Amino acid sequence: MTACTTPVADGMEVENNTEEINDIRKSIIELLFVSGNHFCPACEKSGNCELQALAYRYQMMVPRFPFLFPQKGVDASSPKIVKDQNRCIACKRCIKTIEDEKGRKYFAYKNRGNKLEVILDEEMAKTMTDEIAQLAMENCPVGSILRKEIGYNQPIGTRKYDTKPIGSEIEV
Ligand code: SF4
């Protein structure tokens, strides 16, 4: 049952931190790793990446699924950003949150199923400001959207998840 669509009912017992549930979470992370091309040591987002941080949190070592090594492209045609499809996990965050003052979207889904990609609108890309490019990079949980020329500005070892595990900032 999905937690976000299941109404609360009298007597309902909610478990969200059991061995079985955590193994399902871990398997989803493993599936994301094997269905893209995520090479953390060579990625500018390493240390700031939510997928990498979750893999550490759930102690992923070797995924139990075979790596697919899909052939995916890199779109560097925008003056402000590089969009690397190899690292995209299709979370839709950029589509939902990155828009101009008139509400026009910069990113969109293309194709379906295992051919699904998140692409940058060619015309909108030409008008992208530094602020929007920065927000797009920050909102992307992985290294699929990077600003040109500043990808390595923050030294490794000082990045968000280098010192604290993901989720530790949330008080429970
Ligand atoms: S925010 Fe990043 S990972 Fe999520 S859909 Fe956009 S490009 Fe892909």
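Which residues have the most contacts inside the largest nonpolar core? In this predicted model, select Tyr106, Phe107 and Met128, which hold that position in a core of 25 residues. To see where the rest of the core is drawn from, colour helix 1 (19–35), helix 2 (50–57), helix 3 (93–97), strand 4 (117–120), helix 4 (122–126) and helix 5 (130–139), each of which supplies at least two of its residues. Helix 5 gives the largest share of this core, namely three residues.

Stay with methionine 128 and display its surroundings: leaving aside residues up to four places away in sequence, methionine 128 touches Lys80, Ile81, Tyr106, Phe107, Leu120 and Ala133.

Next, select strand 2, residues 81–84, together with strand 1, residues 74–75. These two strands run antiparallel and are joined by two bridges, and they form a hairpin with five residues between them. Within this pairing, aspartate 75 has lysine 83 of strand 2 as its bridge partner.

Because its relative accessibility is 11%, aspartate 84 counts as buried, the cut-off being under 20%. Not counting residues up to four places away in sequence, aspartate 84 touches Gly73, Val74, Gly143 and Ser144.

Key:
Residues numbered from 1 in each chain as written. Predicted model: local features only at pLDDT ≥ 70, side-chain atom pairs only at ≥ 80, totals over all residues. Heavy atoms only, no water. Helix = DSSP H or I, 4+ residues; strand = E, 2+ residues; numbered from the N terminus. Buried < 20%, exposed > 50% of the residue type's maximum accessible area, 1.4 Å probe, protein only. Contact = heavy atoms within 4.5 Å. Pairing = 2+ DSSP bridges. Core = buried A, V, L, I, M, F, W, Y, C linked by side-chain atoms within 4.5 Å.
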